[in-house]
Amino acid sequence: MNKNEKIHRLYSPGLNKMLRFRVYLPAGYDGKKRFPVLYMHDGQNLDRPARWSRHSWEIPLTLEKMHLRLIVVGIDSDKDRSSTLCPFFVEKGDAEMDFATPYGDEYGSFLAEYVKPFIDFTYKTRPDYENTYMAGSSLGGLAAAYCSAAHPGIYSVVGVFSLAHWFVHDQFVDYIDRHLDEKASYFVSCGGKEGFDGLINESAAEYASLLNGRVADLFEKTYPRDRHSEESWARQFRDFVRLIKKRRKESKER
């Protein structure tokens, strides 16, 4: 285990189960200086190879190389990942996404009302809007987009990697359009070799079009050689870090 990694578990009333999350502390963390916090979904893959891709996001290493000192909170996913991360009932007959009940709203509320207060109490954080961020990929990207809209004023920089939303298309588009946090900065990415019959690329493009001209800042990019994998998201994460740095610089200049 990474020596700067801490493991916690909290009970979620809405999900009726314990959720595990891991906290990565920046090098030199001594409990005195306060740091911004980045919340990420699929926490088990942030610094460990995912079983299916054999790659990780390499988050601690990338942050160290890019000289951005953050506390990273990764919420692990489990066998109920689809229903936990998705906030809407599935609209189309997609066998892979055909789960009984979506709990994404309860999950987002759990992060905002339980996990964030716990992190702010336990660690030396900067708990304000300008120093709190969120990111995720695929269904985790759906969760990040939804959490930003459902809980405006919490996450000032939001990373949506390889968004998957076609199976809840109408509900997602309507909700984001009506609840968009227009003060936030957004990173929206996808790979040129995602697969899924182009549905990931269409999801990302449509989401970016909803944001365009309505938010504080939008970074949208397709990475031609990238696939639907942690290896690709690790590379794209570097540009997400640059957006955080840009937001932090502009915030200090206001």
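Leu142, Ala145, Tyr146, Ala149 and Ala150 in helix α4 meet Phe172, Tyr175, Ile176 and His179 in helix α5, where contact means heavy atoms within 4.5 Å. By class, this contact of α4 with α5 has eight nonpolar, one polar and no charged residues; Ala, Val, Leu, Ile, Met, Phe, Trp, Tyr, Cys and Pro count as nonpolar, Asp, Glu, Lys and Arg as charged, and the others, Gly among them, as polar. The model is predicted: local features need pLDDT of at least 70 and side-chain atom pairs count only at pLDDT 80 or more, while totals for chains, interfaces and linings use all residues. Residues are numbered from 1 along each chain as its sequence is written, and side-chain values use heavy atoms, with hydrogens and water left out.

The axes of α4 (residues 139-150) and α5 (residues 169-179) come within 9 Å and cross at roughly 35°. Axes are lines fitted to C-alpha atoms, for helices over the stretch in contact, and angles run from 0 to 180 degrees between N-to-C directions. Helices (H or I, at least four residues) and strands (E, at least two) are DSSP runs, numbered from the N terminus.

On α5, His169, Phe172, Val173, Ile176 and Asp177 meet Glu206, Tyr207 and Leu210 in α6. This second contact has five nonpolar, one polar and two charged residues. The axes of α5 and α6 (residues 199-211) come within 10 Å and cross at roughly 20°, which makes the two helices roughly parallel (angles under 35 degrees).

The strands form an open sheet of eight, in the order β1-β2-β4-β3-β5-β6-β7-β8, with mixed pairing; two strands pair if DSSP finds at least two bridges between them. β1 (5-12) and β8 (217-227) stand at the edges with a single partner strand each, so one side of each is left without a neighbour in the sheet. The twist averages 20° from one strand to the next. Helix α7 (residues 230-253) packs on the sheet, touching β3 (37-41), β5, β6, β7 (185-193) and β8, and its direction makes about 165° with that of β8. Within the sheet, five bridges join β5 (residues 132-137) to β6 (residues 157-161), and these strands run parallel. Ser137 stands opposite Phe161 in β6.

The loop between α4 and β6 holds Tyr155. Tyr155 is buried, with a relative accessible area of 1% (buried means under 20%, with a 1.4 Å probe and protein chains only). Among the residues Tyr155 touches are Tyr39, Ala112, Thr132, Cys147 and Asp181. The C-alpha atoms of Tyr155 and Ala112 are separated by 9.8 Å, the two residues being 43 residues apart along the chain.

How values were computed:
Buried < 20%, exposed > 50% of the residue type's maximum accessible area, 1.4 Å probe, protein only. Parallel < 35°, antiparallel > 145°, perpendicular 65-115°, else oblique. Lists of a residue's contacts leave out its neighbours within four places in sequence.
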